[in-house]
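Q: I'd like to talk through the side-chain packing in this model before I do anything else with it. Can we start with the aromatic rings?

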Amino acid sequence: MTSNVLPIAEALIACPSVTPAAGLVFDCLESQLTPLGFEVHRFHAGEAPDGPVENLFAVRKGPAGSRHFGFAGHVDVVPPGEGWTGAPFAPEVRGDLLYGRGAVDMKGSIAAMVAAAAAVPQSTGTISFIITGDEEGPATYGTQELIKHMRSVDQIPDLILVGEPTSVNRLGDMMKIGRRGSTNIWLTVEGKEGHVAYPHLADNPITKLVHMLAELKAMPLDDGTDWFQPSNLEITDMTVGNPAGNVIPARAQARISIRFNDQHTGKELGERVRAIAEKHGGTARPVVYGEAFLTPPGTFSALIADAVEAELGLRPEASTTGGTSDARFLKDLCPVIEFGLCNATMHKRDEAVAVADLDALARIYVRVAKAALAGG
């Protein structure tokens, strides 16, 4: 295939799109997809504080009864921060690398998807793009709203590939066949303020909170599974806000984060934490950001591995490591796997992707789409 990935990636990077993304970057993507025969539907969802969020669903229908393959991702990026060698939203090729915020996470992958779609004949089957403007933020009104739309128009893919940057040391060395779940839990202990010299007249909530946290850290979770690392609970914040050194405070708060594998659910962990919090006179407010999921190794992972091997001569490791992604929502529709660029510079200053990797990724995506639409 004649690659046109670089100019697509440059055009997308040139659209500032700090989360939540809207407007210009979607205009750019739509202008790339419409000439390829895609019907593009854009909509906003949600209200403040987590919305509104712009989303895009584009579909190019194949012959009646043909299979449906979905490309999924996000056009929002994290804030660029300071200290860039160049301007973060002025894409620049220096040597073998394309620099710019989103080059890796994940406008480069989306550019490769567009180039791949251009190389897959419409007669092969249906292809869709499932693109949100809010993956890096709360993700409340992003892919979850796209899923609602897809169900309402009866456009559910047979397989979905998410273009997150999964490769580690070189393109193609890792794909994600699942992810651990994530929950944050806010803990509060109410006490009774008083003078430190008269502790019998007060009730120190910090003491209770410390004991609570000690028990939570000692709470057994699991030893991991064949595909998942062990679940872990981390204390991420403690807040008292007491400016006086001789006053026992009236309240103490903390926050914990649990990344958990498929031996647990967010609800079950929240209930366990709540029971321990109440035992120590406190309360717990859990928020589940995603459940653990696994796409068991099989036909889908094999066709991705075959495509990578055909282009690059290696087979990717199937992994579930790392943080969460929108695959945690898409797995409710059909089997989903993540595969994309090297993640070494994502979320960092001078984010960059090898131009050769963009071209190779597009070729891999062509092979994956064709194999998926062929049913194999």
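Q: Which residues do ring pairs link into a cluster?
A: In this predicted model, ring pairs join F38, F69, F71, F129 and Y365 into a cluster.

Q: And how many aromatic pairs turn up in the whole structure?
A: A search of the whole structure finds four of them.

Q: OK, why is the pair of F71 and F129 called tilted?
A: The ring centres of F71 and F129 are 5.5 Å apart and their planes meet at 45°, so the pair counts as tilted, the range for that class running between the limits of 30 degrees for stacked and 60 for edge-to-face. Because F71 lies in strand β3 (residues 68-74) and F129 in strand β6, this pair ties together parts that are 58 residues apart in sequence. F71 and F129 are both buried.

Q: What else is F129 in contact with, leaving aside neighbours within four places in sequence?
A: With those neighbours left aside, the contacts of F129 include L33, L56, F57, A58, M113, V114 and A117, along with F38 and F71.

Q: Zooming out, which members of the largest nonpolar core touch the most others?
A: That core has 63 residues, and the ones touching the most other members are L29, F69, F71, F129, I304, F339 and Y365. Helix α9 (residues 355-373) supplies the largest share of this core, with twelve residues. Apart from it lies another core, of 21 residues, which includes L209, M219, A252 and I258.

Q: Switching topic: which rings have a charged end over them?
A: The charged end of R94 sits over the ring of Y99, 3.8 Å from the ring centre, and the charged end of R285 sits over the ring of W186, 4.6 Å from the centre of that ring.

Q: Last one, H68: why does it count as buried?
A: H68, which is found in strand β3, has a relative accessible area of 7%, and it is therefore buried, since the cut-off is under 20%.

Q: What does the side chain of H68 pair with?
A: The side chains of H68 and S128 are joined by a polar contact of 2.8 Å. Not counting residues up to four places away in sequence, H68 also touches others, among them Q155, D158 and L373.

Definitions and conventions
Residues numbered from 1 in each chain as written. Predicted model: local features only at pLDDT ≥ 70, side-chain atom pairs only at ≥ 80, totals over all residues. Heavy atoms only, no water. Core = buried A, V, L, I, M, F, W, Y, C linked by side-chain atoms within 4.5 Å. Buried < 20%, exposed > 50% of the residue type's maximum accessible area, 1.4 Å probe, protein only. Helix = DSSP H or I, 4+ residues; strand = E, 2+ residues; numbered from the N terminus. Contact = heavy atoms within 4.5 Å. Phe/Tyr/Trp six-rings, centres within 6.5 Å; stacked < 30°, edge-to-face > 60°. Lys NZ or Arg CZ within 6 Å of the ring centre and 35° of its normal. Polar contact = N/O pair within 3.5 Å; in protein donor to acceptor, adjacent residues only side chain to side chain.
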